[in-house]
Amino acid sequence: MLIDNYINLNRRRNISGLFFATGSFGTIDGNTTYVKKQENEKTIYKYIGNKIVLKAEFTEENGVILRRDTLENLTDDNIEINSLVSRFVLDGNAYDVYTQYNSWQHESSGEWQRLVTQISACAQGMRTCDGATPMMALNNLYTNKTTVFHLLPNAQWQITAKKSPANEKEIVVVETGFNDRGLRLKAKAHETIELPTVIFFNAENKTDLDAYKLHNWYNNTYPRGKMPVLYNSWLYCFDNIDVDSLLKQVDSAAELGIEAFMVDAGWFGNGDNWSASVGDWVETKESSTGGRLAEISQKVRDKGMIFGLWFEPERANPQSNSVKARPEYYILNYFLDFSNNDAVTFIADEISKQIDELKIGWLKFDFNDSIPYDETGNGFYRYMQGQRRFIEIIKERYPHIYITNCASGGYRMELMQGTMCDSFWLSDNQGSYNGLDIVKNTLKRMPTSLIERWNVQKYSDGFVRHGEKEKVGIMFTCNNGTWDSIINVDDSFTQGFINCGPIGFSCDIDSFPEEYKTKWKEHINNFKKSRDFYLNATARILVDSKDITAIQYADETLTHIEIELFTKTVYASNLIIYPVVDKNCSYIYNDKKFTGAYLNENGIYIDGLKDNCCKNIKLIK
C-alpha cells in the first residue's frame, strides 16, 4: 500500500491537505504547505506555522499502516483547539460504508450502507464505545476493494466519510480525530497534543475486512502474556452474594481446573443498599459478604487459584463517604476526575489497599455510567490521560496482576483500552447463542486473545422431551444479561463458543451433574494445552449468515488451523467450507493428507449438520 495514495496536497477547497484544524491559531486547511521527510522507516509530513506545528508520521508495520499525528504549541501561552482531524483521500466516488453501533447487550452491531452524502461514527460519551466502535470500512463499488480504518482512541473521537466536489468531479474524504462537539481543548505552552492513532490497510474480504492483518499487527506489537481460566460470580448470583454458596463454587472451580476466582459487584457497602456506597471500596460487617472476603480469598488461594475482585474506580455515589470527604476529586458529584492527578493517586491508593489486604491477583474494572460531553471542553482528552496513568500506577505496583476491562459490558472494548488491560468482558449478554454474533463482529476489530467468552449454563432435570416418557436433565444457557431469556443448545455449541480466547464460567457450576463436571474438566485441560495457540491466533470469518457461522483461527504462517462451525437453524445436512490455507503446502485433516491447492479449490465437505451445534475442523500443515 502506498501512503501517498491516501494523501492529497493539492490546494482544493474542502478536500486538500493532511489535516483540518481550527482554533485560536486560525484555520489549517487547503492552503497549507507541508514538508515531506523520510526518517528511517518513517514518512513524515510537517506544517510549521507561527503558533503551531502539525506533524503526520506514517509507518508500515506487519502489513498495516499506522498514522500518528500531533499538534505542537509553539507559544508561551495556552492555545485553544476547536477542531482537529486527520484527513485521508480515497479514489473514486462510489462507496459502501461499514460502521458498528454499540450498546448494552448489542455490542459491535455492524452494517453496510451506501455513501450518498456523509456518514459518521463517534463516541457519544466519555466511554470510548458509547454508541459506536472506533472503526470504519469503505468498499469501492467499482473495484470491490475495501479500505479499513481503526482508531486507538485517546479522547472523544469521530470518523467521517463524505463526498466532496473537486474540480467538477467528486472525491471521497475520510476524516478521523477528536469529536469537535463543544471542543475547546487547551494546549498548554509548548505542549504536544496527540491525535488518536489511525491503523489502516486495504482488504480483499468484505465479510471480515481482512481483520487477520490487524490481529497480526496487534499480537506482534502487544503480545499477550497470560490467559488464565476464570470464574466470575456475576451471572451466577448477581449482587445477591451468599458467602457459603460462593465457597461451594470455589471447591467446584478448583475441581474443574479453573485458575482464577472473582467476587463481582455487591461485596461492599450496606447490604441490599450496596450501590449507595459505590466509591467506598471497603468491606464492612453490613456488606453482603458479612466481612468474610478475606475468608473467600484465603480459600481461593489455598485451592491454588488467583483471587479476583470487582471495582468501579471512575464512579461514586453522591452519598458515599469518598464524595463527602473529597468533593474536589469528583465532577458532576459522582464521576472521579481523572484529569486531577491527586484524584488519580487517591483512587490508586484506595484500590491498592484492597489488593494488599485481600491478596488480589485479578481486577475487573467496570464503568456503568457516562457523560455525553466534557464540560471542560477538552473532549475527555485530559480524563483519558489520567485513566491511562491510573492503570500504569496499578501495573507498576503489581506487575503480575490480571485486569479485565468492563464498562456496562463492552462500552470500552477497543484497541487502546486493550493495550492497558489483559482482556475484555465481552457483554453482559454472555450467552453462547447471541454471544456468538457479538464475538464474530468484535473479531473484525480486535484479536481473539482480548475477547473473554463465558459459560453461563444452568442445569435442570425436570423436562420431558418429545418421544420420551421420563424426565431428562437439560443444560440451558442464559440468552441475555439477566436470565430473563434462556435457550438450550448442544454442549458442542457452548464448548465451541468459549474455546478460542480467554474462557470463563459465570454460573452455578456446583450444581452441575458429575458427568458435566467431568466433561468440562476435560475441556479445560484441553484448552490449557492449546491456549498458547489462541494467545497469538488470527481470525477469519469464513461463513457469516443468520444460521451458520464459521470462524477460522490460525497462526501467522497458517501452520495450525482450527475452524469452529456453528449452526443455529439448518435446512440442509451438509455444506462445504473453504479454509484459508497455504496453497504451496499440504495439510493433515482427519488423518488424511490434502494439498493446500486442493483445499483452496475444493474446500472441506461437512456432513451431519444439526441445529444448535458446533463442529471443530482441525488442519495441521
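This is a predicted model: local features need pLDDT of at least 70, side-chain atom pairs count only at pLDDT 80 or more; totals for chains, interfaces and linings use all residues.
Eight strands, paired in the parallel sense, are arranged in an open sheet whose order is β26-β25-β24-β21-β20-β19-β31-β27. The edge positions are taken by β26 (423–424) and β27 (453–455), each of which has a single partner strand, so that one side of each is left without a neighbour in the sheet. Within this order, strand β24 (residues 360–365) and strand β25 (residues 402–405) are joined in parallel fashion by four bridges, and lysine 364 has threonine 404 of β25 as its bridge partner.

Helices pack on this sheet. Helix α3 touches β19 (230–232) and β20 (260–263), and the direction of α3 makes about 165° with that of β20. Helix α6, in turn, lies across β21 (306–311) and β24, where the helix runs at about 145° to β24.

Contacts between helices can be set beside this arrangement, given that two packed helices are described by the angle between their axes and the distance between the axes. For helix α6 (residues 341–358) and helix α7 (residues 381–397), the axes are 10 Å apart and the packing angle is about 35°, with α6 passing α7 in a right-handed crossing. On the α6 side the contact is made by Asn341, Val344, Ile347, Ala348, Asp349, Ile351 and Ser352, and on the α7 side by Gly386, Arg389, Phe390, Ile393, Ile394 and Arg397.

The residues of the contact of α3 with α11 divide into three nonpolar, one polar and four charged.

A hairpin is formed by strand β36 (residues 586–589) and strand β37 (residues 592–595), and the two strands run antiparallel and are joined by four bridges. Isoleucine 588 has lysine 593 of β37 as its bridge partner. Two residues lie between the strands of this hairpin, in which asparagine 590 takes a positive phi near 50°.

Conventions
Residues are numbered from 1 along each chain as its sequence is written. Side-chain values use heavy atoms; hydrogens and water are left out. Two strands pair if DSSP finds at least two bridges between them. Axes are lines fitted to C-alpha atoms, for helices over the stretch in contact, and angles run from 0 to 180 degrees between N-to-C directions. A crossing is left-handed if the near helix is turned anticlockwise from the far one by less than a right angle, and right-handed if clockwise. Contact means heavy atoms within 4.5 Å. Ala, Val, Leu, Ile, Met, Phe, Trp, Tyr, Cys and Pro count as nonpolar, Asp, Glu, Lys and Arg as charged, and the others, Gly among them, as polar.
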